[in-house]
Amino acid sequence: MNPSPSSTLLPQETSKANRDLFDQSALSDLAQRLVEAAKRAGADAADAVAVRGISQGVEVRDGRVEESERSEGDDVGLRVLVGRRQAVVSTNDASGDAVTKLAERAVAMARVAPDDKYVGLADPALLARDFPDLDLLDPDVPATSELERRALEAEAAALAVKGVSKSGGASASAGMGGMVLVTSTGFHGSYLRSSQGISATAIVGEGTGMERDYDFTSAPHGADLLSPEIVGRSAGERTVARYNPRKVETCKVPVVFDPRVAGSLVGHVVGAINGASIARKTSFLKDKLGQQLFAKNIRIIDDPLRKRGLRSQTFDAEGVAVKQTALIDEGVLTTWLLDCATARELGLTTTGHAHRGVSSSPSPGPYNLHLEPGTPTPAELISDIKQGFYVTDLIGSGVNGVTGDYSRGASGFWIENGELTYPVSEVTIAGHLFEIFKSMQPANNLEFRYGINAPTVRIEGLTLGGR
């Protein structure tokens, strides 16, 4: 199987220094040598993962740089199988005879591991053969001085918003991460993805009356980031809007989720359809495959092949080809998220959702998720709400994946006669995810800014716990 070296996808103008940074040929060679060493040591099958991580970041406060740091590291992991027994080992030192010793240690561990009838490499027929260019690498790596400029501009923009009393700090970062995967069945693939980000936090008020809020932007390419000024101004405006919040009485009202928090609802769906939870029977959706859970206009998409996506890649952690999937289609739950082991346990075929680190065996997880938009504008979505709550922030993780019970701390704004009125804090929103899914109404304002993206979403009849 042909390798997919990310370095071949770089524009010609990429500097030599950055080409060296992006070159994964040494990692590919290391992974190949590990697999070969494992076979020589007595493994029936093996795969090796080599991971590169490079990051640099700057934090500023009150116009001065508080922290500047950079880290680089390559790590490698080896998984070996002896019969139905499996072991995983990892290292960041592959010098000298370390490769041979690591392989021998892994095989020795596998021989004394318990039998597991579900372990094994992916079926060769399922392996990726095409590696489309998803434009995940920005050849322009920002210097530390550029990161400082971005952070300082974001902070200045936040402080310039009328009512902001002080800065909570601002930061800018850049980095890249990638993976090489080699298997004893002949797969050899690699990808490398850059990342850049800017964030700012603003504060209003003093003492117990202090409020803070933030905003951020992140993308593989610097050109896709919001400007530092926009990020800082948004952080300041969000903070000022939260000042002097009120309490509300306990009631049952429509609740509208701002796009920044609406993605959490998608996350609850995806967490409940993870194959590991289904196999353990610890998901409240374990018997719901093929059933109508949402209104017919609801679609939730997982798209690993989106160009410049924050979580895009062309193959999963077992080398299986990936594809765009409608997890919820016309309101119906269509699939579980599966890697090879959970698929075998459930008597199904992997969906290409395996993820792994160098020291762990594969487990299922999503890629780029989004809830498709509806037709109403956000204003139209709330226009008929006489009394309701608009959520901008969620606190805690009070969601029970086994029962589907939902309860989270929240803050936001009171809705009165279709308009946002005053800020509200220290409330709890509660309900059940089945009811939440049934009543979900998305607006038309979907933007792709995060790993999980959703438009403004309205949910009927949640209980608001107040004073």
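# Group meeting: a walk through a predicted model

The protein has 10 helices and 19 strands in its secondary structure. Its radius of gyration is 24 Å, close to the 23 Å given by the globule rule for 467 residues, so the protein is as compact as a globular protein of that length. Before I go on, please keep in mind that this is a predicted model.

Let me start with the whole chain. Along the principal axes, the C-alpha atoms fill a box of roughly 70 × 55 × 35 Å. Of the 467 residues, 51% are buried. What share of the contacts between residues at least 6 apart in sequence joins residues at least 24 apart? That share is 72%.

Now the surface and the charges. The protein exposes about 20000 Å², and carbon and sulfur atoms supply 49% of that area.

Next, the strands. I will take an open sheet to begin with. It is made of 5 strands with mixed pairing, and the order is β10-β9-β8-β13-β18. Which strands sit at the edges? They are β10, residues 332–333, and β18, residues 452–453, and each of them pairs on one side only. On the β18 side, the partner is β13, residues 369–371, and these two strands pair in the parallel sense over 2 bridges. If you want to find that pairing on the screen, look for Leu-369, whose bridge partner in β18 is Ile-452.

Also in this part of the chain is the loop between β8, residues 300–302, and β9, residues 325–329, and Arg-308 is found there. Most residues other than glycine have a negative phi. Arg-308 has a positive one, near 60°. With a relative accessible area of 30%, Arg-308 is partly exposed.

Strand β19 covers residues 457–465, and strand β7, residues 251–257, pairs with it in the antiparallel sense over 6 bridges. Strand β16, residues 419–432, is also antiparallel to β19, over 3 bridges. Strand β17, residues 441–442, pairs with β19 in the antiparallel sense as well, over 2 bridges.

Val-256 has Arg-458 of β19 as its bridge partner. Gln-441 also stands opposite Arg-458 in β19. Thr-428 stands opposite Gly-465 in β19.

While we are looking at β16, there is Glu-426, which is placed in that strand. Its phi is positive, about 55°, although Glu-426 is not a glycine. Is Glu-426 buried or exposed? Its relative accessible area is 60%, so Glu-426 counts as exposed.

Strands β5 and β6 form it, with 6 residues between them, and Gly-205 in the turn has a positive phi of about 85°. The two strands run antiparallel, and 9 bridges join β5, residues 188–204, to β6. Strand β6, residues 211–219, has two faces. The covered face holds Glu-211, Asp-213, Asp-215, Thr-217 and Ala-219, while Arg-212, Tyr-214, Phe-216 and Ser-218 are on the uncovered one.

I will finish with two single residues. Ser-71 lies in strand β2, residues 64–82. At a relative accessible area of 39%, Ser-71 is partly exposed. Which residues does Ser-71 contact, leaving aside neighbours within four places in sequence? They are Gly-53, Ile-54 and Ser-55. Thr-185 is 114 residues from Ser-71 along the chain, and their C-alpha atoms are separated by 34 Å.

The other residue is Thr-144, in helix α4, residues 144–159. Thr-144 counts as partly exposed, because its relative accessibility is 31%. Not counting residues up to four places away in sequence, Thr-144 touches Gln-56, Val-58 and Ser-68. Ser-234 is 90 residues away from Thr-144 in sequence, and the C-alpha to C-alpha distance between them is 24 Å.

Key. Residues numbered from 1 in each chain as written. Predicted model: local features only at pLDDT ≥ 70, side-chain atom pairs only at ≥ 80, totals over all residues. Heavy atoms only, no water. Helix = DSSP H or I, 4+ residues; strand = E, 2+ residues; numbered from the N terminus. Rg over C-alpha atoms; globule rule 2.2 N^0.38 Å. Buried < 20%, exposed > 50% of the residue type's maximum accessible area, 1.4 Å probe, protein only. Contact = heavy atoms within 4.5 Å. Areas by Shrake-Rupley, 256 points an atom, 1.4 Å probe, with all protein chains shown as cover. Pairing = 2+ DSSP bridges.
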